[in-house]
Every structure is written in C-alpha cells, then in structure tokens.
Amino acid sequence: MSEVLVVVDHADGEVKKPTYELLTIARRLGEPSAVFFGSPEQGDTVAEKVKKYGAAKVYVVDDAQIKGYLVAPKAEALQQLAEKTSPAAVLLPSTFENKEVAGRLAIKLGSGLITDAVDVAEGGVTTQSVFAGNYTVQAKVTTGTPIITVKPNSAAPEEADGAGAVEAFAATISDVAKTAQVVATQPRQSTGRPELTEAAIVVSGGRGTGGNFEPVEGFADSLGAAVGASRAAVDSGWMPHAFQVGQTGKTVSPQLYVANGISGAIQHRAGMQTSKTIVAVNKDPEAPIFELVDFGVVGDLHTVLPAATQKITERKG
Amino acid sequence: MNIVVCVKYVPDATADRKFEDDNTVDRVGVDGLLSELDEYAVEQALQFREKREGEEITVTALTVGPEKAVDAVRKALQMGADSGVHVVDDAIAGSDYLGTSLVLAKAIEKIKADTGADLVVCGMASTDASGSVVPAMLAERLGMPQVTLASVVESQGDQVRIKRDNEGSTEVIGATLPIVLSVTDQSGEARYPSFKGIMAAKKKPLETWSLTDLGLDADQVGLSVAYTQVEDTTARPPRTAGEIVTDEDGSGAGALVDFLASKKFI
C-alpha cells in the first residue's frame, strides 16, 4: 500500500487534533506517514501520539534550517520527501501557512492542488464548501500526486494501531528558499479556551456587544466554548484579528455556533454557515442572521446572555 | 520602480453566485466586480508610491479573465494605478491554481522585461475561490521572496518588513526587493475613486494581451489541462426555518437554555 504523507499540526511539539483527523482520512487513501517539522528531540513523543491513529512511519524533519524563513523551505523539504517516497497523496491541515506550502509544492511536483476540503473519500474525491457555504463541490486531482489541504473538524478521529517508526529526514534547503526571513515571532497568549477552529461550540460577538465582550465570554465559558468575533467587532478594535470568524478570518464548522449581536453579513456567513446548529441573539428582528438559525432570540444580548449563563451554571449544579 | 498589482474580477458575493454546466464558476451571467480583497492590494501599492515622493514609481494593474474582467483593471486605474494589462483568451477559461498562476507569472515576466517589476502586490485571497495560494505560487514561479498575508507593511530603501498573523503567533517577516507581497484586509482601508480619478482613468494606457503575447500555447492552460477536475456542484439546501422567540420579561434566556439542553449541548 502506498504511503500518504500527513503534515503534523502541532504547537511546539504538542500535537493538535486536526492531525488525528487527517491521519484518519489518510487511511482511506493508503498507509499514513506523519511528517513532523520540529525539534528532533520531540520526534519520539510525537510518534507515540500519531501511531495511535495509524501512522506507520514518522518522518522527523529538523526545522532548524526551516523555521527562520517563510513557507518556501517547508515546500522544498516536502518536495524532497515526496520524491523519495512517491506518496499516494499529501495531506496538510488547512491553515494559511500550509495552504501556501501546498501551493508551492504543487508547482514543484507538477501536481494538482485542492484547498479547504471538508472531506476526502476513498479514491481521493474531495468535498469543499464554497460561495459562503451555499454550494458543495466534489472534485479530484487528476494530474500528479494529489495535494489536499483539509479543514479542521472534517472527520471524527478514529484510533488505529500504527508502527510509528521514526525516521529522520534530512532536507536540503536552497538559498532561494531563504529570502523571506522571520525576523521576530510573538506567540499569542493562550486564552485557556478551546481553539476557535477546533472547538465543538463557538460563541461569537459582533457590533451589538458595543465593545463589551464580557457577556459573550461568560456564556462561552458556561458551555466550554471558544470565543469568536465578527469583522465589525475586530475592525472596532474590540477583539484581536485572530478571533475573527468570516471570509477574511477563520472558517468554523462546530456542532453549535451562537452569534450574538451579529447581523449576519455575507462575509460573516462565509465563515460559519456550515455549522451544524446555529443560534442567534440579536435586538433586530430583521437581522439576516435569523434566516440561518435553528433557534433565535430577539432580545438584548446584555440581558439574555448573563441570565442564560446563570441558568446553565445552576443546571450544572 | 514599477509595481505590479494583481487584481481579480469576481462574481459579486452579494449576488446569487452559481456554476456553469461544465462546473466552472459562472463569470458572465452574474454581476462581477474587482474582488474586495484586491482593493487592499491596490491601496498598498498606491501608498508605497505615495510614501516615496521624488522617486519615479509606476503602478501597473494586471488581471486575467474574460472580457468583462477589464472592469477590475478600470477600477484600479480609477483608484490611482497608472496603467493596466488585461490578459484575455478563451483558452484560459476553467484554469485552476496552476494554470492561473502560470498565466499571471508569464504576464509579470513580460511586464518585468518592458518596465521592470520590483514589487508584485496581491490581495490575501479572491472572494470567489478563497484559496489564498496564488501569491505563494507566483513567488515560487518567479523565484522571488514570498512576503505574504501582511497586516502591516513597512519599507525603507529596498527593505520591506511586514507583520503577519499566524495560527498561534504574530511574525515579523523581512525581505529585500523585488518581492511578491500579499496584504490582508487589516492592512488599511482602501480608498474610493474620486471623480477626478474616474475621469483620469479613461486616458490611462490599458493593454490587452493574449496567450500568444505571453509565449503560451492554448494547450498549456484552461479547463482541459487542469490538474484538478470538479465532478459535481450542488446548491446547499436552504436551512429550514428555525424557531424565533422574542425576549419578554427575561423569557428569552430560559427558552435559549431549554433549546440548548434539548440538543444536549448542556
């Protein structure tokens, strides 16, 4: 069975959930091999994690030569690994950075590229959600090695035994790939809440918060949810851009999405329309967001959310 | 110095966007316009020029697309770009990322040979495909440094520094011109064309190029040689109307919590 290269999503060696989703998907296409860009000392720890989800091999690519430059070195390393392993496919978690890596890799390998898949079936047929979630597209790579970036929450991770054999892979990085330098990195402070794109529940606030996100955050915490924001709230400087849900921010597809004080402009809908259950709280009964909801409350979020938070806390006892 | 800003003509996101029978995006039957996210690219190109008073800098707006796509270039000219290039050829229709980036790269190389291309500016994504991959692919094809997804752009001499929001961090990226730059909607509000700008745009040079002008053959691009194939497109069924309650005397919170409990979210 051919190998399927799966790029590991991690934060400083801490493997993130989309990796397990991708390994689960990769088993439909062949035998998953995890590709870990990071510190070689962390290779064994990562292997212990990913072999539980079927990784037969774990390629450890020392990122000492890679992390100081933007995107290009990773694409070169993956090209060399793909040329060595002739994989059935290359799967990457669909982040902005990985999409760029995938784009460059597609040119290097002369291979077709599909971005933002929400599912990949046996045979490599992908499903994408396009036009702000109004259309579903089925597509396939027809030339070269399929390179597919897959969104978080695209599959339920299923455990499977893998050998998890660690293999160091030494990539040769050219000077051309070292022309955009990472001059400084400022890690974002953890909020202690779930990651926006991975969360099962997302509670967002918009213009209607008036800049006070306390009711939104309190409600989110009562549900164990991630907090998001509309572009209006981000543009007003109330929330950092990292929290933006929508076309130019994050696309989320949680089990439950709660939009508070968000009108539901197309830019916002593009980022949340595929959520399983949608709930909205908004003062304006005419807000377009109510066209999408399974349940809506016409009311002031500043009174509805704190009261609901209290009721949930009471129920949990 | 010459700046090339890549602009895309896209179906209006607020219109009823759809696909053709061959599963390509309907780019003719739906009203189109300059992709909103490319307006930020035009803005940053113009600011780059304005901040360097005394330097001879021209901004060329480049688009690839059907006949109507020239509207995207016109808008860029109205905003303040100096000249425009429209690559139009029936054979390009249906191109995927690889085909599109090839045509753009060839056009940029031609501009580079004529007037130079020290800076290529793109938007962070198109509003139709939302791929965010073409700027990186252009950097790959042109062998230029990739400086992408900038929320802040600063430059001094031939040095450019940007701020880039990554998944878990914010990075500062530095490179030396010539570069491929892409900018996000955080980079700064795009200007509206002034009346004067609209009038002036009519007299600005606008060239139309075919594949032949770029040294490309029809069998190198387009739907028939795309590296990917769309097998099916389906309109998502409209969501069934949900229950809407009005909050009176605090009833809304209770109804909300009951709903969440009924769906086992609590």
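User: Which residue in E12(B) is the bridge partner of Ala139(A)?

Analyst: In this predicted model, Val230(B) is the bridge partner of Ala139(A).

User: How is the numbering done, and what should I know about the model?

Analyst: Residues are numbered from 1 along each chain as its sequence is written, while chains are lettered from A and ligands numbered from 1 in the order in which they are written. The model is predicted, so local features need pLDDT of at least 70 and side-chain atom pairs count only at pLDDT 80 or more, whereas totals for chains, interfaces and linings use all residues.

User: How many residues of chain B are in contact with chain A?

Analyst: On the chain B side there are 66 residues in contact with 69 residues of chain A, where contact means that the C-beta atoms, placed from the backbone, lie within 7 Å.

User: Which element gives the most to that side of chain B?

Analyst: That is E12(B), which gives 8 residues to the side of chain B that touches chain A.

User: New topic: what is the strand order in the open sheet of 6 strands?

Analyst: The order is E14(A)-E13(A)-E15(A)-E16(A)-E17(A)-E13(B), with parallel pairing. Strand E14 (226-229) of chain A and E13 of chain B stand at the edges, each with a single partner strand, so one side of each is left without a neighbour in the sheet.

User: Where is Ser132(B), and is it buried or exposed?

Analyst: Ser132(B) is in the loop between strand E6 (119-123) and H4 of chain B, and it counts as buried because it has 28 C-beta neighbours inside 10 Å. The cut-offs, with C-beta atoms placed from the backbone, are 20 or more other C-beta atoms within 10 Å of its own for a buried residue, 12 or fewer for an exposed one, and partly exposed in between.

User: What about Asp249(B), buried or exposed?

Analyst: Asp249(B) counts as exposed, because it has 5 C-beta neighbours inside 10 Å. Its place is in the loop between E13 and H6 of chain B, and its phi is near 50 degrees, a positive value in a residue other than glycine.

User: Which peptide bond is cis?

Analyst: The bond from Leu177(B) to Pro178(B) is cis, with omega near 0 degrees.

Notes: Two residues are in contact if their C-beta atoms, placed from the backbone, lie within 7 Å. Helices (H or I, at least four residues) and strands (E, at least two) are DSSP runs, numbered from the N terminus. Two strands pair if DSSP finds at least two bridges between them.
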